Amino acid sequence: MILITGAKGQLGQCFEQLATDFPQLSFVFAASGDLDIGDRAAVQRFFTRHSIQWCINCAAYTAVDKAESESAQAKRINVTGVKNLAEVCAAQNIPLIHFSTDYVYHSKQNLPFREEDAVSPKGVYARTKLQGERAARKAHPAGVMIIRTSWVYSAIGHNFVKTMLRLGAERPVLNVVFDQIGTPTYAPDLAAAVLSIIDKTMRGEIARETLAGIWHYSNEGVTSWYDFAEAIFDIQGLPCRVQPIETKDFPTPAQRPPFSVLNKSKIKSQLGIDIPHWRESLVRCLNVLDR
Ligand SMILES: NC(=O)c1ccc[n+]([C@@H]2O[C@H](COP(=O)([O-])OP(=O)(O)OC[C@H]3O[C@@H](n4cnc5c(N)ncnc54)[C@H](OP(=O)(O)O)[C@@H]3O)[C@@H](O)[C@H]2O)c1
């Protein structure tokens, strides 16, 4: 049985929708009301009641700006909660797949980040995500796979694509920052990659021990939020004009990295994962939203 925590979040729901494509895998989906990962005793009880063989942690505190004024809550979920899961998984030798963020990279580097590059998170959300990674790896060194991902969107939940579609239908012009460079990640692509990694591991094509450590996953290509917005309106045929602005003219409580493109060579070469280009996945997402 594969446990999906945070099952009613954006990524959690994508796993639930994809589950039927993997009939050989069985799942238990736990929303925050079913399992609070910040409650160590509850985590222990849940694992005792269910026969868990893999844990995929989609639970997280993801309100990047709000985290600046809610650091205790962010820490409880992103650090303590992840540590709780890792400790219980370690005690039962269960692999834990956990998601982290491109925001751990915040420097002047302008080449796509590799997993071993220096981290320098700014802001509460980014720092708690890094602390969570470290707590998990310390608790379960041989059994935690951490996937750093970026700019996650889908037809589900709150995200940039859905915000642009809403605002683009209401306004003739939108200001969007052009000096933050990265790559969007279509959540169903990420979920499918993770399930295929589990499937390959269960079939013996990948050795379980090789999964431990840090991995990168986003779609292919490079863009800015401005170009991403342009692409959304272009594909969707919306007449909204996008005006490029600088980050300094759009102040937010938490700083975002100016450049956080992830190098995905490791996951592609070592685990045989094919990754679609971000624009191709965007077209698929917009088709789902149009249905
Ligand atoms: N979204 C992005 O752009 C992005 C970028 C990079 C990395 N990531 C990472 O990708 C992962 C998935 O993100 P997402 O976009 O799916 O986030 P999301 O939509 O905000 O989902 C997070 C889920 O976690 C649940 N949760 C919160 N506290 C919990 C707790 N104590 N116990 C159990 N569940 C709890 C939330 O439930 P409630 O709503 O009921 O509280 C929510 O369903 C996260 O690790 C995130 O840090 C996301």
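Modeller: Happy to! Let us begin with helix 6, whose buried residues are Ala187, Pro188, Asp189, Leu190, Ala191, Ala193, Val194, Leu195, Ile197 and Ile198. Here a residue is buried if 20 or more other C-beta atoms lie within 10 Å of its own, exposed if 12 or fewer, and partly exposed in between, with C-beta atoms placed from the backbone. Helices are DSSP runs of H or I with at least four residues, strands are runs of E with at least two, and both are numbered from the N terminus.

Two remarks on the source before we go on. Residues are numbered from 1 along each chain as its sequence is written. This is a predicted model, in which local features need pLDDT of at least 70 and side-chain atom pairs count only at pLDDT 80 or more, while totals for chains, interfaces and linings use all residues.

Now for the length of helix 6. The expected span of a helix is 1.5 Å times one less than its number of residues. Helix 6 has 16 residues, 187–202, and should therefore span 22 Å; its end C-alpha atoms are 23 Å apart, which agrees. After the helix comes Gly204, with a positive phi near 85°.

What does Val194 touch, leaving aside its neighbours within four places in sequence? Val194 is in contact with Ile56 and Ile97, where contact means that two C-beta atoms, placed from the backbone, lie within 7 Å. Val194 also belongs to the largest nonpolar core, which has 81 residues; Leu11, Ile56, Leu85, Ala86 and Val194 have the most contacts inside it. Such a core is a set of buried Ala, Val, Leu, Ile, Met, Phe, Trp, Tyr and Cys residues joined through C-beta atoms within 7 Å.

Leu18 lies in helix 1. Leaving aside neighbours within four places in sequence, Leu18 is in contact with Pro188, Ala191, Ala192 and Leu195. Is Leu18 buried, exposed or partly exposed? Leu18 is partly exposed, because 17 other C-beta atoms lie within 10 Å.

Asp21 sits in the loop between helix 1 and strand 2 (27–30). Asp21 counts as exposed because it has 12 C-beta neighbours inside 10 Å. Asp21 and Leu195 are 174 residues apart in sequence, yet 9.6 Å apart in space, C-alpha to C-alpha.

Helix 1 also leads us to the ligand. Its shell holds 26 residues, and the closest are Gly6, Gly9, Leu11, Ala59 and Ala60; a residue is near a molecule if its C-beta atom, placed from the backbone, lies within 6 Å of it. Helix 1 (10–18), helix 3 (71–92) and strand 4 (96–101) each supply at least two residues of this shell. The largest share, 3 residues, comes from helix 1. By class, the shell has 10 nonpolar, 13 polar and 3 charged residues. In this count Ala, Val, Leu, Ile, Met, Phe, Trp, Tyr, Cys and Pro are nonpolar, Asp, Glu, Lys and Arg are charged, and the others, Gly among them, are polar.

Between helix 3 and strand 4 there is a loop that holds Asn93. Asn93 has a positive phi of about 55° although it is not a glycine. This residue is exposed, because 11 other C-beta atoms lie within 10 Å.

An α-helix has 3.6 residues a turn, so residues three or four places apart point the same way.
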